[in-house]
Amino acid sequence: MFRPLRREEVGSLVEIVKGAAEDRRAGLLPRMKAASKSFDEVVEKIIEEHIRDAKEQNGQVRDFIDVMLSLMESNSMKQVQFGKDNIKAIILDVLGAAMDTSVNVVNWAFAELLRHPKLMKRVQGELREVVCVDRIVEETDLSKLNYLNMVIKETMRLHPVAPLLVPRESTEDITINGYFIPKKSRVLVNVWTIGRDTNAWSEDAEEFNPDRFIGVDMDFVGRHEFQLIPFGSGRRSCPGMQLGLLEVQLILAQLLHCFNWELPDGASPCDLDMTEKFNLTMARASSLHCIPNYRLNTLKTSKTT
Ligand code: HEM
């Protein structure tokens with residue numbers, strides 16, 4: 001999609017986005033404007049680089065920014081306004097939506113597994129069976145990691161990273177399940193509560209129990225039901241779902257396959273702080289500290305063995 005950002009570019013963007021979020025809370029418009037200016041400078045530089053490189057490479061399309069630039073210049077977009085500002089807005093939208101989300105899922109999954117050492121061993125057992133211990137996990141292994149995938153579903157049920165999704169406005173009067181919602185109402189979908197609803201999940205809804213998904217054909221997008229919609233549902237659901245899931249699966253699989261993990265200072269798993277920090281995305285209130293112990297026989301990938 002995008003060319004990988006350089007370390008300093010990622011650093012500046014993360015700082016800007018974090019700063020803007022802080023400022024929004026504090027109502028500091030001037031600082032937000034300054035953050036927006038800094039963001040604009042970083043993105044402007046990236047776009048200019050793409051324009052320059054495209055000339056050098058005879059217009060060869062390499063990533064998503066190249067696609068947007070070629071759309072901007074093509075005749076097909078002449079009827080609609082699609083300029084550099086739109087490209088910048090899309091980059092900001094995608095980066096903003098992609099950065100916090102996957103990180104938070106990994107964080108919560110890790111915390112739940114640290115709190116449930118037997119389940120962590122079970123994930124590691126599956127990894128040992130599917131991948132063995134003489135190479136690292138690769139993308140092609142992921143579809144075979146059934147238990148890990150159930151752990152991820154269970155994590156996103158209890159800890160949806162966007163607990164109220166994104167606010168919506170109803171475009172017409174409508175009655176749903178006997179509730180009348182007038183046109184132009186602000187509607188919030190409380191995914192956090194849906195994930196803990198005992199009517200939808202059974203009495204142990206508050207428990208972390210990935211086994212509840214055994215033999216259950218439930219995807220993430222509410223095609224048949226709306227119990228599990230951590231990416232939203234319908235035409236405005238998350239367009240980065242496949243990429244986000246892939247990232248989460250690969251990061252978790254690699255961390256759990258390469259290392260055994262324990263809490264520092266002999267802390268007990270049940271003492272792990274699971275307090276949430278409520279925001280548009282829901283992070284852990286405290287940082288997660290844990291100690292890795294290498295567990296593979298070798299670091300070679302299957303390509304080199
Ligand atoms: C596990 C990781 C992720 C989770 C849990 C997640 C979750 C969500 C949720 C809940 C929404 C709002 C949907 C709604 O309002 O109904 C959303 C929107 C969005 N996500 Fe993701 N997301 C993830 C990863 C990504 C990635 C990797 C990208 C891009 C590369 C991305 C791009 C977007 C964009 C652009 C939107 C706004 C869509 C719109 O308003 O039309 N997301 N995401």
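This is a predicted model: local features need pLDDT of at least 70, side-chain atom pairs count only at pLDDT 80 or more; totals for chains, interfaces and linings use all residues.
What share of the contacts in the chain between residues at least 6 apart in sequence join residues at least 24 apart? The share is 64%.

**The chain as a whole**

The chain has 305 residues, of which 21% are buried. Its secondary structure consists of nine helices and eight strands.

**Nonpolar cores**

In soluble globular proteins, nonpolar side chains tend to be buried together. In this chain the largest nonpolar core holds 33 residues. Ala 109, Val 123, Leu 148 and Val 151 have the most contacts inside this core. Two or more of its residues come from each of helix 4, helix 5 (117–131), helix 6 (146–158) and helix 9. The most are given by helix 4, which supplies seven residues. Ala 109, when neighbours within four places in sequence are left aside, is in contact with Val 151, Ile 152, Thr 155 and Leu 252. Another core lies apart from the largest one and has seven residues, including Ala 35, Phe 39, Val 43 and Met 68.

**Two helix pairs**

Two packed helices are described by the angle between their axes and the distance between the axes. The table gives these values for two pairs.

| Helix pair | Angle between axes | Distance between axes |
|---|---|---|
| Helix 5 and helix 9 | about 90 degrees | 9 Å |
| Helix 4 and helix 6 | roughly 105 degrees | within 9 Å |

Helix 5 and helix 9 pack at an angle of about 90 degrees, so helix 5 is roughly perpendicular to helix 9. On the side of helix 5, the contact is made by Met 120, Val 123, Gln 124, Leu 127 and Val 131. Helix 9 contributes Ala 253, Leu 256 and His 257 to this contact. By class, the contact of helix 5 with helix 9 has six nonpolar residues, two polar ones and no charged ones.

The axes of helix 4 and helix 6 cross at roughly 105 degrees, and these two helices are therefore roughly perpendicular to each other. Val 105, Trp 108, Ala 109, Glu 112 and Leu 113 are the residues of helix 4 in this contact. They meet Val 151, Ile 152, Thr 155 and Met 156 of helix 6. The contact of helix 4 with helix 6 comprises seven nonpolar residues, one polar and one charged.

**The shell around the ligand**

The ligand is surrounded by 22 residues. Ala 97, Gly 232, Cys 238, Gly 240 and Gly 244 are the closest. Helix 4 (84–115) and helix 9 (241–258) each provide at least two residues of this shell. Helix 4 gives the most, with seven residues. By class, the shell contains 14 nonpolar, six polar and two charged residues.

**A loop residue**

Where is Ser 170 found? Ser 170 sits in the loop between strand 1 (168–169) and strand 2 (174–176). Is Ser 170 buried, exposed or partly exposed? Ser 170 counts as partly exposed because it has 14 C-beta neighbours inside 10 Å, while a buried residue would need 20 or more and an exposed one 12 or fewer. Leaving aside neighbours within four places in sequence, Ser 170 is in contact with Ile 181, Lys 183, Lys 184, Ser 185 and Val 187. Ser 170 and Val 187 are 17 residues apart in sequence, and their C-alpha atoms are 7.0 Å apart in space.

Terms used:
Residues are numbered from 1 along each chain as its sequence is written. A residue is near a molecule or strand if its C-beta atom, placed from the backbone, lies within 6 Å of it. Helices (H or I, at least four residues) and strands (E, at least two) are DSSP runs, numbered from the N terminus. Ala, Val, Leu, Ile, Met, Phe, Trp, Tyr, Cys and Pro count as nonpolar, Asp, Glu, Lys and Arg as charged, and the others, Gly among them, as polar. A nonpolar core is a set of buried Ala, Val, Leu, Ile, Met, Phe, Trp, Tyr and Cys residues joined through C-beta atoms within 7 Å. Two residues are in contact if their C-beta atoms, placed from the backbone, lie within 7 Å. Axes are lines fitted to C-alpha atoms, for helices over the stretch in contact, and angles run from 0 to 180 degrees between N-to-C directions. Angles under 35 degrees count as roughly parallel, over 145 as roughly antiparallel, 65 to 115 as roughly perpendicular and the rest as oblique.
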